[in-house]
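Please keep the sequence and the model at hand while reading.

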Amino acid sequence: MVVWGLGSRLGLRRCLVAARLLHPRFQSRGPQGVEDGDRFALELVTEKGHTFAEELQKIQCLLQDVGSALATPRSSAREAHLKYTTFEAGPILELEQWIDKYTSQLPPLTAFILPSGGKISSALHFCRAVCRRAERRVVPLVQMGETDANVAKFLNRLSDYLFTLARYAAMKEGNQEKIYKKNDPSAESEAL
């Protein structure tokens with residue numbers, strides 16, 4: 001199989017011109033970045049034997065469904081394709097249940113925290129950042145009516161889940177989370 005072709009400096013098929021690369025649908029393919037980060041986090045989690053590894057594996061499969069929904073524009077897809085790629089609310093509810101399960105075991109959040117708490121926690125924080133970026137790119141597609149609103153809701157809840165899971169992983173591994181401290185410019189002036 002050829003990965004690139006003549007006349008395609010970007011490694012993309014000739015029909016993808018620069019204007020189409022900037023199209024929101026192409027930009028929204030960010031969830032695949034979430035999946036890549038999630039795969040990395042899953043490898044770390046599996047090594048440590050964490051119980052939430054199965055949840056992350058299920059999320060990887062759901063991200064494939066998200067990609068299918070995003071790749072199927074409502075304005076031009078056939079009805080059969082739309083039916084097959086509809087993203088249901090069930091996974092969103094499941095994420096909310098998982099968030100509640102882990103939140104109930106965590107100390108209350110009293111300050112902003114920085115991505116920290118060990119390798120697994122940091123990897124999950126990274127996945128969350130990628131997920132937020134993907135969500136921001138999907139919202140315009142939802143607003144244009146080109147994709148299911150449940151896709152954006154799922155990405156929103158997924159980022160909340162990843163944040164909660166990062167905190168939970170840090171706690172389970174006995175790692176401290178780093179607290180955000182606002183930079184005080186007056187303290188810097190006094191030190192000089």
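Rings of Phe, Tyr and Trp, the latter taken by its six-membered ring, form a pair if their centres lie within 6.5 Å. By this criterion, ring pairs join F52, W98, Y102, Y161 and Y168 into a cluster. The model is a predicted one, and the protein it shows contains nine helices and two strands.

**Overall architecture**

- Along the sequence, the elements of the protein follow the pattern α-α-α-α-α-α-β-α-α-β-α.
- The protein has 192 residues, and buried residues make up 39% of them.
- Of the contacts between residues at least 6 apart in sequence, 78% join residues at least 24 apart.

**Aromatic pairs**

- A search of the whole structure finds seven aromatic pairs.
- One of the pairs is formed by F52 and Y168, whose ring centres are 6.1 Å apart and whose planes stand at 70 degrees, so the pair is edge-to-face.
- F52 lies in the loop between helix 3 (31-48) and helix 4 (53-70), whereas Y168 lies in helix 8, so this pair ties together parts that are 116 residues apart in sequence.
- F52 and Y168 are both buried.
- Y102 and Y161 have ring centres 6.4 Å apart and planes at 55 degrees, so their pair is tilted.
- This second pair links distant parts of the chain, with Y102 in helix 6 (residues 90-103) and Y161 in helix 8, 59 residues apart.
- Y102 has a relative accessibility of 2% and therefore counts as buried.
- Y161 is likewise buried, because its relative accessible area is 0%.

**Helix 7**

- Helix 7 spans residues 119-143, and its 25 residues reach 37 Å from the first C-alpha to the last, close to the 36 Å expected at 1.5 Å a residue.
- The buried residues of helix 7 include I120, A123, L124, C127, V130 and C131; also among them are A134, V138 and L141.
- Just after helix 7, G145 adopts a positive phi of about 80 degrees.

- S116 is placed in the loop between strand 1 (113-114) and helix 7.
- S116 has a relative accessibility of 5%, below the 20% cut-off, and so counts as buried.
- Leaving out residues up to four places away in sequence, S116 touches S121, S122, H125, Q176, E177 and K178.
- Between S116 and F126, 10 residues apart in sequence, the C-alpha to C-alpha distance is 9.9 Å.

**The second largest pocket**

- The volume of the second largest pocket is about 190 Å³.
- Its lining consists of 14 residues, of which P107, R167, Q176, E177 and I179 are the closest to the centre of the pocket.
- Helix 8 (residues 149-172) gives the most to this lining, with three residues.
- By class, the lining has nine nonpolar, three polar and two charged residues.
- Two of the residues closest to the pocket centre, Q176 and E177, are also touched by S116.

**Helix 5**

- T85 is located in helix 5 (residues 79-85).
- With a relative accessibility of 13%, T85 counts as buried.
- Apart from its neighbours within four places in sequence, T85 is in contact with S68, A69 and T72.

Terms used:
Residues numbered from 1 in each chain as written. Predicted model: local features only at pLDDT ≥ 70, side-chain atom pairs only at ≥ 80, totals over all residues. Heavy atoms only, no water. Helix = DSSP H or I, 4+ residues; strand = E, 2+ residues; numbered from the N terminus. Expected span 1.5 Å × (residues − 1). Buried < 20%, exposed > 50% of the residue type's maximum accessible area, 1.4 Å probe, protein only. 1 Å grid on protein atoms, 1.4 Å probe; cavity = no way out; pocket = protein on both sides within 12 Å on 5 of 7 lines; lining within 4 Å. Points joined across faces, edges and corners; volume = space filled by probe spheres on them. Nonpolar A, V, L, I, M, F, W, Y, C, P; charged D, E, K, R; others polar. Contact = heavy atoms within 4.5 Å. Phe/Tyr/Trp six-rings, centres within 6.5 Å; stacked < 30°, edge-to-face > 60°.
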